[in-house]
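A reader new to a protein model may wish to learn how its features are read.

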Amino acid sequence: MKFSEQWLREWVSPQLATQALADQITMAGLEVDAVEPVAALFSGVVVAEVVEKVQHPDADKLSVCQVRDGDGELVQVVCGAPNVAVGQKVPFARVGAVLPGDFKIKKAKLRGQASQGMICSASELGLEEETSPGILELPAGAPVGEDFRAWLGLDDHTIEVDLTPNRGDCLSLKGMAREVGVLNRLPVQGPSVAVVSATHDETFPVRVEDPERCPRYIGRLIKGVDVSAETPLWMVERLRRSGIRAIDPVVDVTNYVMLELGQPLHAFDRANLQGAVIVRLAREGERLVLLDGQEVTLAADTLVIADERGPLAIAGVMGGEHSGVNAGTRDIFLESAFFAPLAVAGQARNYGLHTDASHRFERGVDPALAREAAERATALLLEIVGGEPGPLVVVASQAHLPGEREVRLRAARLEQALDKALPGDEVTEILERLGMAVSLDAEGWTVRAPSWRFDIAIEEDLIEEVARIHGYNRLPVRRPKARLALRPDHEARTPLARLRRQMVARGYQEAVTYSFVAPELQKALLPEAVSPVLANPISADLSVMRASLFPGLVRALTHNLNRQQTRVRLFETGLVFRGELDELQQLPMLGALVCGSREPEGWAAGRDRVDFFDLKGDLESLLAMGGEPEAWRFEPAEHPALHPGQCARILHRGEEAGWIGALHPAVRAELGLKVEALLFEVRLDALTHGRVPSFMPLSRFPEVRRDLAFLVDETLPVQALLDTLRGQAGEWLTECRLFDVYQGQGVPEGRKSVALGLTWQHPSRTLNDEEINELVDAIVTESRQHLGAELRG
């Protein structure tokens with residue numbers, strides 16, 4: 001929300017400097033984002049009149065003008081603007097003037113003709129960012145010789161306020177003035193809005209078919225308007241200082257009233273309306289070309305303004321191109337309506353739009369404001385474009401309009417929340433100055449909220465209002481008092497921070513992605529996943545809750561690859577959402593993705609690409625942190641997002657805990673990824689669960705090692721051999737290491753050689769060969785009987 005400080009001070013003018021006023025507004029909970037001057041610095045510019053204009057004798061595009069600047073004598077100026085004309089009032093920079101950019105005006109000769117000053121355009125004075133096509137034409141009543149800066153009030157500031165969604169009542173000059181008046185105990189003097197008398201009886205029919213979404217609709221037919229009239233400069237300037245560009249007088253008036261009062265308005269060309277104005281839901285498949293030229297297909301849940309032929313506008317969002325005001329408009333139908341916030345919420349985003357009207361209706365517009373805004377806009381239109389107003393057409397459903405809200409405020413609760421006892425009279429005064437009806441009793445106050453305060457619903461809302469108006473900086477500051485006991489350290493659990501540090505130590509960077517993803521991306525990776533669909537997404541490609549960390553990581557990979565980052569190592573922790581809302585599972589997960597070379601580029605680094613076992617090693621380093629790596633297993637399985645030959649299900653104590661593998665080639669092709677990528681995802685509750693560390697004394701006795709090479713079926717998982725081995729190796733086995741897997745010459749086809757190193761050590765004596773040989777024989781026998789393994793000679 002942007003507004004002019006001078007405009008605000010016409011409503012209420014506290015004895016505060018600009019920055020002090022901005023600080024006061026911020027401390028009241030309405031954060032000021034910026035305070036900027038409305039125009040660049042310049043001096044020596046006055047209002048002047050062009051008295052004479054002749055063609056430059058030596059230049060086709062230059063004119064020699066005689067200008068009256070109020071000093072008594074005419075001044076000759078050479079001007080290159082195509083729109084300069086005799087009788088115009090213009091901003092004139094005298095010799096010695098300084099324009100924005102420290103540009104000094106001096107006497108000069110242009111193609112042999114003397115020029116003693118400069119007729120200025122808006123951009124040359126810093127009033128427009130883009131280069132102006134011609135000089136700035138001023139109203140005929142502009143006083144010649146008057147300092148231009150003072151006459152246009154350019155010693156002003158634009159104040160930009162970042163409002164929270166609950167404060168839609170402050171999206172107007174009226175709302176901001178009301179707040180400043182309350183803070184400074186000053187009366188607010190806005191423009192008086194009188195009822196405009198109808199000069200004819202003609203109306204245009206209005207029919208509201210959905211009163212729940214549109215409880216109040218007001219319309220008025222104004223005949224015989226002159227759209228070619230110019231918007232007054234004062235209105236153009238106020239719009240500019242509020243961040244809105246002037247378009248035509250009718251649109252400018254509707255925008256001006258929206259800024260002034262907070263009520264969005266719309267004007268239709270009466271000639272393009274047929275039958276009646278109808279407020280209804282769109283019909284499936286209906287199309288509408290909007291004012292910005294975009295054609296949209298309307299959804300069935302979209303509230304529209306229509307006539308007998310079809311949709312004219314998306315209610316509370318944007319009008320249609322066909323029914324809008326144009327240069328040929330003679331009669332207009334002025335709309336001022338109240339749309340329920342829930343009827344408009346999300347509609348603009350569904351069509352990729354965000355308008356000033358939708359911004360206000362989504363947050364709530366005062367339901368009692370529509371008539372006042374219609375009268376104010378009518379008066380301004382009659383003043384600028386003329387015309388004959390008809391009577392107001394009012395269609396309202398009292399049953400669907402917001403009702404009065406009574407909220408109880410207890411004195412004891414107020415004192416407890418603020419840690420300060422405020423006099424009852426002060427609390428009553430604050431609430432009444434906020435426009436609330438207040439009744440006081442022995443225990444507190446009963447408060448009736450005004451129609452423009454949608455956010456007043458519970459006792460805490462009233463406490464907040466009292467606190468911010470009284471002044472947060474006037475509340476006592478107390479240090480918290482609490483018994484701070486040491487938190488227990490659960491040694492059997494691995495803190496998430498340690499897991500993060502481990503991933504960073506292994507060369508990963510942490511990614512933080514949205515909890516919602518594109519439905520197409522999630523379907524490509526997880527075609528059978530079920531997760532909640534957002535009713536009001538921030539964008540169409542972030543409309544479903546993620547059922548896995550894979551979609552967010554793959555999207556981050558694409559983002560990095562598109563920026564020439566060929567080596568990507570990312571990890572993320574966060575919730576995934578599985579199932580429908582009524583049976584929703586929210587599971588904390590840790591996921592990682594790698595792609596590119598195994599090592600960073602360098603003179604001593606190889607060029608090998610990262611593979612499945614690199615990623616598996618990184619994951620196993622996390623699993624080992626829990627102190628019980630034997631509780632984890634990897635088994636071959638199939639996952640729709642992962643390569644069938646490079647995919648494993650991760651098991652923790654026999655239960656599925658995650659997946660690891662290479663991204664499926666078909667998925668990569670569908671997503672347009674030209675490089676291989678590997679991912680894993682594992683449940684955090686399993687990953688952080690471990691074993692309490694315990695001390696085991698070092699043995700003073702020697703180790704005994706035996707290396708065994710088995711010939712096994714090439715499809716046999718090595719894990720099966722390791723499980724068999726550990727089951728027969730006895731309690732003194734301290735290490736079992738796989739050090740070779742071989743297929744080739746000397747190994748029968750369909751078989752593979754698996755070499756294992758086994759180490760035994762007794763804590764209190766030396767193991768002898770007979771004991772070790774007995775254990776080796778048991779291992780070989782069990783492996784032959786259950787796995788078909790043969791000891792390789």
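Q: How many aromatic pairs does a search of the whole structure find?

A: This is a predicted model, and the search of the whole structure finds nine aromatic pairs. One of them joins Trp7 and Tyr256, whose rings are stacked at 5.0 Å centre to centre with 15° between the planes.

Q: Which parts does the pair of Trp7 and Tyr256 tie together?

A: Trp7 belongs to helix 1 (residues 5-11) and Tyr256 to helix 6 (residues 249-261), so the pair links parts that are 249 residues apart in sequence. Both Trp7 and Tyr256 are buried. Ring pairs also bring Trp234 into a cluster with Trp7 and Tyr256.

Q: How are the planes of Phe148 and Trp151 arranged?

A: Phe148 and Trp151 form a tilted pair, 6.3 Å centre to centre and with 40° between the planes. Phe148 and Trp151 are three residues apart in helix 3 (residues 148-151), and therefore about one helical turn separates them. Phe148 counts as buried because its relative accessibility is 0%, whereas Trp151, at 27%, counts as partly exposed.

Q: Where does the charged end of Arg569 sit?

A: The charged end of Arg569 is over the ring of Tyr508, 4.6 Å from its centre. Arg149 likewise lies over the face of Phe42, at 4.8 Å from the ring centre.

Q: Which residues touch the most other members of the largest nonpolar core?

A: The general idea is that nonpolar side chains tend to be buried together in soluble globular proteins. In this structure the largest nonpolar core has 46 residues, and Phe3 and Leu8 touch the most other members. Helix 6 gives the most to this core, namely seven residues. Leaving aside neighbours within four places in sequence, Phe3 is in contact with residues including Leu8, Ile25, Leu173 and Met176. A second, separate core has 35 residues, among them Cys214, Leu273, Ala313 and Val344.

Q: Is strand 38 buried or exposed?

A: Strand 38 (residues 751-760) is mostly covered, with 10 of its 10 residues buried. Arg751, Ser753, Ala755, Gly757 and Thr759 point one way from strand 38, while Lys752, Val754, Leu756, Leu758 and Trp760 point the other way.

Q: Which strands pair with strand 38?

A: Strand 36 (residues 704-713) pairs with strand 38 in the antiparallel sense over 10 bridges, and Arg706 stands opposite Leu758. Strand 37 (residues 733-742) also runs antiparallel to strand 38, to which eight bridges join it. In that pairing, Val741 has Val754 as its bridge partner.

Q: How many salt bridges are counted, and what do they join?

A: The count comes to 55 salt bridges. In one of these, the side chains of Arg149 and Asp155 meet at 2.7 Å, N to O. Arg149 is buried at 9% relative accessibility, but Asp155 is exposed at 55%. Arg408 and Asp441 form another salt bridge, their closest N and O atoms being 2.7 Å apart. Arg408 lies in strand 24 (residues 406-410) and Asp441 in the loop between strand 25 (437-440) and strand 26 (444-448), so this pair ties together parts 33 residues apart in sequence. Arg408 is partly exposed at 31% relative accessibility, and Asp441 is partly exposed with a relative accessible area of 36%. Salt bridges that share partners also join Arg167, Asp169, Glu179, Arg453, Asp455, Glu465 and Arg468 into one network.

Technical notes:
Residues are numbered from 1 along each chain as its sequence is written. This is a predicted model: local features need pLDDT of at least 70, side-chain atom pairs count only at pLDDT 80 or more; totals for chains, interfaces and linings use all residues. Side-chain values use heavy atoms; hydrogens and water are left out. Rings of Phe, Tyr and Trp (its six-membered ring) pair if their centres lie within 6.5 Å; planes under 30 degrees apart count as stacked, over 60 as edge-to-face and the rest as tilted. Helices (H or I, at least four residues) and strands (E, at least two) are DSSP runs, numbered from the N terminus. Buried means under 20% relative accessible area, exposed over 50%, partly exposed in between (1.4 Å probe, protein chains only). A charge sits over a ring if NZ of Lys or CZ of Arg is within 6 Å of the ring centre and within 35 degrees of the ring normal. A nonpolar core is a set of buried Ala, Val, Leu, Ile, Met, Phe, Trp, Tyr and Cys residues joined through side-chain atoms within 4.5 Å. Contact means heavy atoms within 4.5 Å. Two strands pair if DSSP finds at least two bridges between them. A salt bridge is a side-chain nitrogen of Lys or Arg within 4 Å of a carboxyl oxygen of Asp or Glu.
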